[in-house]
Amino acid sequence: MTSDNPIVFVVDDDYRVREALSSLIASVGLHVTAYGSAAEFLAAEKPDAPACLVLDLQLPGASGLDLQRELANGSGPPIIFITGHGDIPSSVRAMKAGAIEFLPKPFGDEDLLKAIDAAIALDRTARQERAELAELRRHYALLTPREREVLPFVVAGLANKQTAGELGTSEITIGVHRGQIMRKMGAGSLAELVRMADRLRIAPAK
Amino acid sequence: MTVFSKAWRYGLAVISCGLALSLAIRLDSPSSCFFLAIMMSNLYGGKGPGVLSVLLSSLAFDYFFFPPKYHFWIQPSLYPRFAAFLVPAALIVVVVEAKRRAGEARREVDAKYRQVSEDALAQAQKSEARLRLIIDSIPVPAWSSRADGSADFINQRWLDYTGLPLEDALGWGWKIVCHPDDLDRTMEYWRSVLASHEDPELEARLRRFDGIYRRFLFRVSPLRDESGNVVQWYGTCIDIEDRKRAEEALRASEHQLRLMVDSIPALVTTMTPAGDTEAVNERLVAYTGQTPGELKNWTEKLHPEDRAGIADRWRRSVETGDPYETDERVRRADGVYRWFHVQGLPMRDAEGHIVRWYLLWTDIEDRKRTEEALRSREQQLRLMVDSIPALISIRTATGEIETVNRQCLDYTGMTVDQLKNWPETVHPDDREDAIAQWKDAIENGNPLNNEVRLRRTDGVYRWFQARALPLRDTEGGIIRWHTLYVDIEDRKRAEEALRASELNFRLIVDSIPGLLCTNTAAGEIELVNKTLLNYTGKPLGELKNWCVIVHPGDLPAVMSLWSRSVATGHPFSAEVRVCRADGSYRWFQCRGFPSRDVDGRIVRWYNLLTDVEDRRNAEEALRASEYHLRLMTETIPALVWRTTPDGEIDYVNRRVLQYAGKRLEDFGNNGWLQLLHPDDVDPTFRKWQQSTRTGEPHQVTYRLRRADGEYRWFDVRGEPLRDSEGRVAEWYGICIDVEDRKRTEEVLRSTQERLSVASQIATVGELSASIAHEVNQPLTAVVSNGNACLRWLSAQPPNLGKAMEAAERIVRDGKDAGEVVRRIRALFKRAAHEEVPLDLNDVIVEVLSLVRSETEKRRVTIETELAPDLPPVTGDRVQLQQLILNLLLNGIEAMDPVTDRPRRLFIRSGRNSEDMVLVQVQDSGVGLKDPDGVFDAFFTTKENGMGMGLAICRSVVQAHNGRLWAASSDGYGATFCFTLPLQLSAVS
């Protein structure tokens, strides 16, 4: 399910806090799903939409920081930490690991909602970038091995003749390859192809 | 000779012819020269040489003188001349030959005549010499004398015998050799002979040349002339000395024989060939007491039983001539019969006829008896040999068994033949030795003496002592061996037992932990045991003078005691210090006992020295200890008492008397109760009675009145002293003045309470974060709900339902927050100690709710196992909450460093026993190094801890009559446990 309706996940072991936050976030028109523990959150199926996670630092079992570490690997949503008695080392660690905000309980509704908006916006951008890159990868996957060999020389700005010399083949063959590459990658111009290669982390040939 | 003579004669002819030739040539007169030669040759050589010389002369004539000279043929003219020569020559030969023959015949007659006369003379001379030789050589001195008796010839024999020269002997010289005693008689005889002309004989002695006189028989015979006158006397002297002597000897011998026959200790008779008694010897006469005549009927003298048989046998011997031999009894003169051995031998003449019987009667009575005795003794001996309990065997010189006694057969169960192979009966281990020893004995003739095991008939081997002695003949050669095997099995065993026993004794003597010595009756050391030698380190020789090992300080006393004991024989006992090998002295108890012989004299002293050094030291120590104990009892700052098993006081120390200002008698009959505070009398007396009844230790606290009337608290404890059967023998007790302690405790308690409060405050600080969290949670909910509520309300259109829900949640969460605050307040409330019935599980749950955020923060899992039906305890809720809180926090903190395992806090509650509740708090932390030390005040492992927490916990538990302890858990972590008594109603 792909939707642009952002969703907010709340993970807190205290049901009172879960209820209060769900109600507050819902009151500004956002979708909210609350979970009692990190495990519960991880196990749940989540919609493919921009999201953010409001996470209690202290949780029974895996703590908030643990969950953050777990999500950092994949394309987890941005995290807003809330804590009953946040100490400085925990907050530093949370922020370093990419948390959007660190809110000590009790917090004002503006602070929380602002953080949620920012987080969702961030997530939306990230999601878009991820989608584009995936598209590029899909194109790149269409290239033959020889074409992938040729690509770095093309993006390095070498003429077909030079490339043919480097690879020990004819200029015409290289020209055919180049055309195929441009076509398969969907690049309108060489500059666009160079950008694509850059995003795909394909280094130009030296 | 004849050849030589013939050659000579012919040679003479040749030579004379040669001479004649040479002369003839010179003289030129051949005829005369040759005639001469022919004559010479013929004269001295005989006819042959004469003819030869004629021939030679003829040849010489022919050759040299007749022409032609030097040729052997003669001119015929010269034949006459030659003939003239030959004829005379022949004539000469004939004449000279005749002449020579006549001369020879005459010479021959002369010689014959002369020969005959010479032969006659020689014959006469030879006859005379022979006669003289005969006379001289006849072995009889002989002589002749003239008619008047004077000797005119004496033969050489006579001269040789007497050694007289012939001249001296002739005439009357011979008288000199006549024995002086016989001379007169001889002369008389000679005269008578001369007068009577008869020729009798005379015996007279003549002196031999060496001076010995020998007897001679003189005989003379006269030579008469035709007229019958005696012309000459011829005499001989015959040596009769030897014959005389033989006669004398014979006479003496016969006499001796007679004497012998009469004196030999046997009866002798001679019998006629017909068997009759001929002669008897003196002894027979003496024995029978009968005359020889009466003995004709000798058979009557025999024992009636023998008579017939003997007579018979004699008759048979007489008839056959066989030697006669019997044993017979002959009656003595006194009528006693004695045994005689009779031997009779016949004497035969040359023709073999029996001339006479000789009977010899030998008295064998004694021999018979001896034989009898011998026989009986041999029987006895045999019996003895067979019955002595030993194995006896007789062996040949080479060791072969000849005979054995019955015991030998019985023991081995073998026959004599089987025993020939005697080594089989010897034990295999001893066999080789036994055989070798036997061999040695046989070879060297040494007596054998060894010990061997012999197999009994049942196969059992027993020890035997073997002795073998050789029996030797007079030359010392071994005839046989006598061996004796004596069963020494039992002796061996006894010896071994004895040896073992002796060894045991020796071991005992050497191993008893005392010094032993024996002294002579005079007191000198004789023997000591090894322990003594080891102890003193001196050899026995040096110990003879035992004074050297006694401490000089003890010596005089010991010497006098010892000499008195030796003198009187009383047992000796003293304590002395004896010098050890290392020079140090130790105390010994010395006891000596005399050993006496049957007469009561002391033979030896037996002394035992027992090391009493340790005992003495122990005694000293005991004495000192007792003294110190008494001193201690009297001086310790406590009241000490002792009672009989039924509780009657029989001793109190001086402090009791001083404290109470009473005398010991005042305590009797429960008088001590009057000293107690009136409020304490009853419970104390009850407890005391229970103790004396059951024997349980007595423990009580009461107030005791001092002499000045002030009551002071005493902690009293009494313990029973039990005898070996477990019965109470005495009660010992002590009263310790705890008045000051009691007061101190009061102070302590109040201090502790204050400290507890301080600790509470510290805990508040420590828990502030947790508390904040507890409060913040509902607060966060309240604020968020409040905001939500506002937003729902301010929404267009307002969502009243949602707003309502939020408002309700606000109320609910506000209450929650209030409850939290209340609990916290209750926990830290400073309230007076208040004991109420409590459910410990409630308290635990309450405290857990407080630390929940703390455990979450520290990633600690809390597990509980709370007994559902836990009975209530009595206690102060706040203090117990504090106690549990402290233990939980401790456990949580202990797990801070743990990263390699789950941080797990485990709380369990339950009944420990009938009247106790047990609570355990177990962590998986670092554990405890000193489980007891943690309860000490100011013990801490935290950087900024006060170290009061657990000390306070313990005092809290103790204040609740419980117990708190800690232990390291299995593996890791620590466990804190406390017990609390149940509420009394719950117990019942």
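Chain A contains 9 helices and 5 strands. The model is a predicted one. From the N terminus on, the order of elements in chain A is β-α-β-α-β-α-β-α-β-α-α-α-α-α. The radius of gyration of chain A is 24 Å, whereas the globule rule gives 17 Å for 206 residues, so the chain is more spread out than a compact globule. Along the principal axes, the C-alpha atoms of chain A fill a box of roughly 75 × 35 × 30 Å.

Burial, contacts and surface were then computed for chain A. Of its 206 residues, 46% count as buried. Among contacts in chain A with a separation of 6 or more, 63% join residues 24 or more positions apart. Charged side chains number 23 positive and 27 negative in chain A. The centres of the two sets lie 10 Å apart.

Helix H7 of chain A spans residues 160–167. Its buried residues are Asn160(A), Thr163(A), Ala164(A) and Leu167(A). These residues lie on the same side of H7(A), because they cover an arc of only 100 degrees around the axis. An α-helix has 3.6 residues a turn, so residues three or four places apart point the same way. The other side of H7(A) carries Lys161(A), Gly165(A) and Glu166(A), which are exposed. The buried residues of H7(A) pack against H6 and H8 of chain A. After H7(A) comes Gly168(A), with a positive phi near 70 degrees.

Helix H9 of chain A covers residues 190–199. Leu193(A), Met196(A) and Ala197(A) are buried in this helix. They sit on the same side of H9(A), because their arc around the axis is only 100 degrees. The face of H9(A) turned away from its buried side carries the exposed residues Arg195(A) and Asp198(A).

Asp198(A) was followed in more detail. Its place is in helix H9 of chain A. Its relative accessibility is 54%, and Asp198(A) therefore counts as exposed; the cut-off for exposed is over 50%. Asp198(A) and Val155(A) are 43 residues apart in sequence. Their C-alpha atoms are 9.0 Å apart in space. H9(A) is followed by Arg201(A), which has a positive phi near 60 degrees.

Two cis peptide bonds were identified, one in each of chains A and B. In chain A, the bond from Lys105(A) to Pro106(A) is cis, with omega near -10 degrees. Pro106(A) lies in the loop between strand E5 (101–104) and H5 of chain A. In chain B, the bond from Gln796(B) to Pro797(B) is cis, and omega is again near -10 degrees. Pro797(B) is placed in the loop between helix H22 (739–794) and helix H23 (800–828) of chain B.

Positive phi values also occur in loops of chain B. Asn670(B), a residue other than glycine, has phi near 55 degrees. The loop that holds Asn670(B) runs between helix H20 (654–660) and helix H21 (678–694) of chain B. Asn670(B) has 30% relative accessibility and so counts as partly exposed. Arg859(B) is not a glycine either, and its phi is positive, about 60 degrees. Arg859(B) is found in the loop between helix H24 (840–857) and strand E27 (861–866) of chain B. At 36% relative accessibility, Arg859(B) counts as partly exposed.

A further position in chain B is Gly11(B). This residue belongs to helix H1 (residues 2–27) of chain B. Gly11(B) is partly exposed, with a relative accessible area of 22%; the cut-off for buried is under 20%. Gly11(B) and Gly45(B) are 34 residues apart along the chain. Their C-alpha atoms are separated by 8.9 Å.

Note on methods
Residues are numbered from 1 along each chain as its sequence is written. Chains are lettered from A and ligands numbered from 1 in the order in which they are written. This is a predicted model: local features need pLDDT of at least 70, side-chain atom pairs count only at pLDDT 80 or more; totals for chains, interfaces and linings use all residues. Side-chain values use heavy atoms; hydrogens and water are left out. Helices (H or I, at least four residues) and strands (E, at least two) are DSSP runs, numbered from the N terminus. The radius of gyration is taken over C-alpha atoms; the globule rule is 2.2 Å times the number of residues to the power 0.38. Buried means under 20% relative accessible area, exposed over 50%, partly exposed in between (1.4 Å probe, protein chains only). Contact means heavy atoms within 4.5 Å. Lys and Arg count as positive and Asp and Glu as negative; His and the chain ends are not counted. The place of a charge is taken as NZ of Lys, CZ of Arg, CG of Asp or CD of Glu. The arc is that of the directions from the helix axis to the C-beta atoms.
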